[in-house]
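Colleague: I would like to learn how to read a structure such as this one. Could we take a few features in turn?

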Amino acid sequence: MTMTRGQFRVGIGYDAHRLVEGRDLILGGVSIPYDKGLLGYSDADVLIHAIIDAILGAIGKGEIGQHFPDSDPAYRGADSIILLREVLSLAHEEGFRLNNLDASIIAQKPKLTPYLGAMKERITSVVDEPCAVNIKATTTEGLGFCGREEGIGACAVVSLLGK
Ligand SMILES: [Zn+2]
């Protein structure tokens, strides 16, 4: 392990998935009642995927598809929270801990404000160390694929501190 003490890293992540009928909507590890869900090989938790990419970016380890390829049957229907836990331990192995995490979900529908607290709680429980977690939701005022309710996007920024 290289010396990371005192180092400060930042990472960014973005993801989007298509909204389809016949799938559960899982965001931030929380099941949201809605008549559509996100299409994807795993549980398609777009928020957790953006967070995972931000952490991988901060430690210089590529992106989610390289670590959890959709060609691998092990990740079919995978709980993305478990993948987040794996990426956090990778960050630890690399000598970093999560300092803060800020993320936005971009969705026209459903209304996500009532679920943001539960998402934050779920994510904080996985991080399991002092870390400021903030989860927001916004619409695009009807513009673009999110506005047309074709999909949901998410972006995340993290900062990591060397241990
Ligand atoms: Zn994804």
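**The zinc site**

Modeller: Along the chain, the donors of the zinc ion follow the spacing D-x1-H-x31-H. Donors are N, O and S atoms within 2.8 Å of the metal (3.2 Å for Na, K and Ca); water is not among the atoms, so sites may look incomplete. This is a predicted model, in which local features need pLDDT of at least 70 and side-chain atom pairs count only at pLDDT 80 or more, while totals for chains, interfaces and linings use all residues. Residues are numbered from 1 along each chain as its sequence is written, and side-chain values use heavy atoms, with hydrogens and water left out.

Colleague: Which residues coordinate the zinc ion?

Modeller: D15 (OD), H17 (NE2) and H49 (ND1) do, at 2.0 to 2.1 Å. H17 lies in strand β1 (residues 8–21) and H49 in helix α1, 32 residues apart, so this pair links distant parts of the chain. Helices (H or I, at least four residues) and strands (E, at least two) are DSSP runs, numbered from the N terminus.

Colleague: Is H49 buried or exposed?

Modeller: Buried means under 20% relative accessible area, exposed over 50%, and partly exposed in between (1.4 Å probe, protein chains only). H49 has 7% relative accessibility and counts as buried. H17 is buried too, at 16%. By contrast, L143, in the loop between β6 and α5 (144–147), is exposed, with a relative accessible area of 61%.

Colleague: How do I read a helix, and which residues of α4 are buried?

Modeller: An α-helix has 3.6 residues a turn, so residues three or four places apart point the same way. In α4 (residues 116–127), the buried residues are L116, M119, I123, V126 and V127. Seen down the axis of α4, they fall within an arc of 100°, so they line one face of the helix. The arc is that of the directions from the helix axis to the C-beta atoms. Among the elements covering these residues are α1 (46–58), α3 (80–93) and β5 (96–106). Just after α4, D128 takes a positive phi of about 55°.

Colleague: At what angle do the axes of α1 and α3 cross?

Modeller: Axes are lines fitted to C-alpha atoms, for helices over the stretch in contact, and angles run from 0 to 180 degrees between N-to-C directions. Here the axes come within 10 Å and cross at roughly 10°. That makes α1 roughly parallel to α3; the term covers angles under 35 degrees, with over 145 roughly antiparallel, 65 to 115 roughly perpendicular and the rest oblique. Residues in contact (heavy atoms within 4.5 Å) include H49 and I52 of α1 and L84 and V87 of α3.
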